[in-house]
Amino acid sequence: MGVTHHGRTERLDLADPTLRDWTCTVLAADAEQGIVLDRSAFYPGGGGQPPDHGVLLWQGVQTRITGTRKGDDLWLIPAEGDPVPPVGTQVAGAVEDTRRTLLMRTHSGLHVLCGVVFRDFGALVTGGNMEPGEARMDFNLPEVPADFKARLEELVNTEVGADRQVVTKVLGRDEALALPDIIRTQSNLIPADEQEIRIVDIVGLDVQADGGTHVASTAQIGKLQVVKVESKGKANRRVRVRLA
């Protein structure tokens, strides 16, 4: 669950993050609970990346999707007041492209940031969050040099401009955890019962466990601006970034 399927839903978003439209069948539908599809390219949210928005089109009707609810099944949340397709209906799904693309660029940008901070400053991640085009990431950095903000932005954009390939793969738990430094958070957030682990590799810079959607190469991120570096306690620094 969570790598190729979530409950009864095949996760098309992880198989092909460029996919924006597809056809599928409604397996469950309730105005309050939401909608379960047999195949879905909606990223359901997790790891700091918000869920996708989009629509389902069926029999000349549009149902807007504004969020998700994860349980034994992956439930898509319709916009308030929108009609819900009956069970068994063939529908066309479509992910909002601008939002998803911005989130993919932002998420990959955070991995570049994380890789640079780990490589050059030896710090792990203590928290983070993202929205389309902007994000924050916290690091266990007790001390930073006076020119840290400008230096970090230069280092990050050098890696972005290097056009490094971004590769994803799924490994068995033991094989994945045998890789050095794939856990870049201060606490190991991988569930103890997760037997398959998805790895995101920015080739030559950063390899870590991650379940989100990403661009194919760092050049697709575009320039990343370090907006602010804040102190969040004696041993923590918060780095705020946005796509330039």
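How many bridges join strand 12 to strand 13, and do these strands run parallel or antiparallel?

1. Strand 12 and strand 13 (residues 196-202) run antiparallel and are joined by seven bridges. Strands are DSSP runs of E with at least two residues, helices are runs of H or I with at least four, and both are numbered from the N terminus. Pairing requires at least two DSSP bridges between two strands. Within this pair, Leu171 lies opposite Ile197 of strand 13.

2. This is a predicted model, in which local features need pLDDT of at least 70 and side-chain atom pairs pLDDT 80 or more, while totals for chains, interfaces and linings use all residues. Residues are numbered from 1 along each chain as its sequence is written, and side-chain values use heavy atoms, without hydrogens and water.

3. The open sheet has the order 12-13-14 with antiparallel pairing. Strand 12 (166-172) and strand 14 (206-209) are at the edges with a single partner strand each, so one side of each has no neighbour in the sheet.

4. Helix 2 packs on this sheet, touching strand 13 and strand 14; contact means heavy atoms within 4.5 Å. The direction of helix 2 makes about 115 degrees with that of strand 14, where angles run from 0 to 180 degrees between N-to-C directions and axes are lines fitted to C-alpha atoms, for helices over the stretch in contact.

5. The axes of helix 2 (residues 97-121) and helix 3 (residues 148-161) come within 9 Å and cross at roughly 115 degrees. Residues of their contact include Val112 and Phe121 of helix 2 and Phe148 and Leu155 of helix 3.
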